[in-house]
Amino acid sequence: FRAIAVGYPGQLNAAFDAEEMRLSLLWRGRFLNAGAHWGVQGMGQIRPLASDVVVFPHGPALAVLTDANAPWPTDAGKAAGLQFRGSQLDALERPTLLYTFRDLGVEDFMSPVEAAGTSALRRTLTLREPPPDGLYFRVFVGTITPGRKNTWRLNEALTVTITGGG
């Protein structure tokens, strides 16, 4: 995939798939070794230099469904109505990823936060227009264990807290 990888303070790292418009990897530790990519004219596999990597499934993160129990679509990227529109850097040079879902503008921003003595990433999605009826955002897929209010554990590897409306 065409990825945008970002390293944050505290050795927190993320990779975003700019073809499918999805968060593809999160990991803690060293960043990347891009040597394989540069050594074969851009065709090598780049892997995180860490052992605790969370891999997110392929497929679109946004979909319009008839109801919450409808099957998630399998089309991705342009076939799903998604198109990458670039990125903008804030004053700290953190990227906001810009893309569209159908005609809906999306801004996707991650920033490091300190919470109860641990490092974390906060992901904020901003929709530039009112969302269409039936719009769903798939946060994660896997073995999910409920925690305290608005918190879930994914595959015993990642704790996710969801705030905000919708």
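These notebook entries record what I looked up in a predicted model.

**Entry 1. Ground rules**

The model is predicted, so I note that local features need pLDDT of at least 70 and side-chain atom pairs count only at pLDDT 80 or more, while totals for chains, interfaces and linings use all residues. Residues are numbered from 1 along each chain as its sequence is written, and side-chain values use heavy atoms, with hydrogens and water left out.

**Entry 2. Strands S2 and S3**

I began with strand S2, residues 12-17; strands here are DSSP runs of E with at least two residues, numbered from the N terminus. S2 and S3 pair in the antiparallel sense over 6 bridges, where pairing requires that DSSP finds at least two bridges between two strands. The hairpin of S2 and S3 has 4 residues between the strands, and in it Met 21 takes a positive phi near 55°.

Asp 17 belongs to S2 and stands opposite Arg 22 in S3. Is Asp 17 buried or exposed? Asp 17 is buried, with a relative accessible area of 1%; buried means under 20% relative accessible area, exposed over 50% and partly exposed in between, with a 1.4 Å probe and protein chains only. I also found that the Asp 17 side chain reaches the backbone nitrogen of Glu 19 at 2.8 Å.

Strand S3 covers residues 22-28, and because 6 of its 7 residues are buried, S3 is largely enclosed by the rest of the structure. S3 also runs antiparallel to strand S6 (residues 53-55), to which 3 bridges join it. Within that pair, Leu 25 stands opposite Val 55 in S6.

**Entry 3. The sheet S13-S14-S15**

I next examined an open sheet of 3 strands, ordered S13-S14-S15 with antiparallel pairing. Strand S13 (144-146) and strand S15 (158-161) stand at the edges with a single partner strand each, so one side of each is left without a neighbour in the sheet. The twist averages 30° from one strand to the next, using axes fitted as lines to C-alpha atoms and angles that run from 0 to 180 degrees between N-to-C directions. Strand S14 (residues 151-154) pairs with S15 over 4 bridges in the antiparallel sense, and Arg 153 has Thr 159 in S15 as its bridge partner.

**Entry 4. Pocket and cavity**

A volume is the space filled by probe spheres set on the points, which are joined across faces, edges and corners.

The largest pocket holds about 1,600 Å³ of space. Its lining has 39 residues, of which Leu 121, Arg 123, Val 160, Thr 161 and Ile 162 lie nearest the centre. Elements giving two or more residues to this lining include S2, S3, S6 and S15, and the largest share, 9 residues, comes from S11.

I counted 1 cavity of 30 Å³ or more, and the largest cavity has a volume of about 110 Å³. Among the residues lining the largest cavity are Arg 22, Leu 23, Arg 123 and Phe 137.

Conventions: 1 Å grid on protein atoms, 1.4 Å probe; cavity = no way out; pocket = protein on both sides within 12 Å on 5 of 7 lines; lining within 4 Å. Polar contact = N/O pair within 3.5 Å; in protein donor to acceptor, adjacent residues only side chain to side chain.
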